[in-house]
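Have the model open and follow along.

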Amino acid sequence: LSYFTNVPLVIRNCTLQNSAPNWLISLPASTTVNLPIFPPIITGNRVNKEVFRFNVANLTNGSADTTRNSEELNLTVESVGSGTDASLFYINKISSTEWALYIDYLAPNGTYNLKLKATDANGTGLSTDSNNFEVIIS
């Protein structure tokens with residue numbers, strides 16, 4: 001069958017379908033963080049405390065290519081309900097294998113109800129939310 005080697009394949013009337021990011025895990029339902037910390041951790045221009053980490057393999061962009069299915073994902077922290085200031089938190093890809101959620105060092109004590117929003121195509125594509133979770137600051 002070498003007769004058909006390297007024959008171009010033409011597909012007509014075909015469109016690619018974009019798919020939303022897929023969460024393969026549930027984030028911790030509840031995490032307690034004790035503040036303040038000494039000495040504080042400084043990341044960029046923020047003083048913060050790590051809340052939790054998760055592996056990048058647990059969030060995929062829908063690509064069939066497993067070597068590229070965690071690329072171009074943008075994560076943001078969002079409030080669930082009223083009374084939670086999501087701006088006190090931020091998510092950062094700390095390595096090629098891990099994401100980490102941080103809270104501002106000066107965050108007031110309380111319970112924060114949050115979720116992470118994952119958006120494909122570097123923040124311009126389809127998006128999905130993680131499960132809701134709470135962070136308790138004491």
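What follows starts with ring pairs and ends with strand pairing.

A quick note on ground rules: this is a predicted model, so to speak of local features we need pLDDT of at least 70, side-chain atom pairs count only at pLDDT 80 or more, and totals for chains, interfaces and linings use all residues. Residues are numbered from 1 along each chain as its sequence is written, and side-chain values use heavy atoms, with hydrogens and water left out.

Searching the whole structure turns up four aromatic pairs (centres of Phe, Tyr or six-membered Trp rings within 6.5 Å; planes under 30 degrees apart are stacked, over 60 edge-to-face, the rest tilted). Take Trp 23 and Phe 54: their ring centres are 5.8 Å apart with planes at 50°, so this pair is tilted. Because Trp 23 sits in strand E1 (residues 22-23) and Phe 54 in strand E4 (residues 46-55), the pair ties together parts 31 residues apart in sequence. Strands here are DSSP runs of E, at least two residues, numbered from the N terminus. Both Trp 23 and Phe 54 are buried (under 20% relative accessible area, 1.4 Å probe, protein chains only).

Now look at Phe 89 and Tyr 112, an edge-to-face pair with 5.3 Å between centres and 70° between planes. It links strand E7 (residues 89-93) to strand E9 (residues 110-119), and both residues are buried.

Stay with E9. Strand E6 (residues 74-79) runs antiparallel to E9, joined by six bridges (pairing takes at least two DSSP bridges), and Val 77 partners Leu 116. E9 also pairs antiparallel with strand E11 (residues 133-137) over five bridges, where Gly 110 partners Ile 137.

Methods. Helices (H or I, at least four residues) and strands (E, at least two) are DSSP runs, numbered from the N terminus. Buried means under 20% relative accessible area, exposed over 50%, partly exposed in between (1.4 Å probe, protein chains only).
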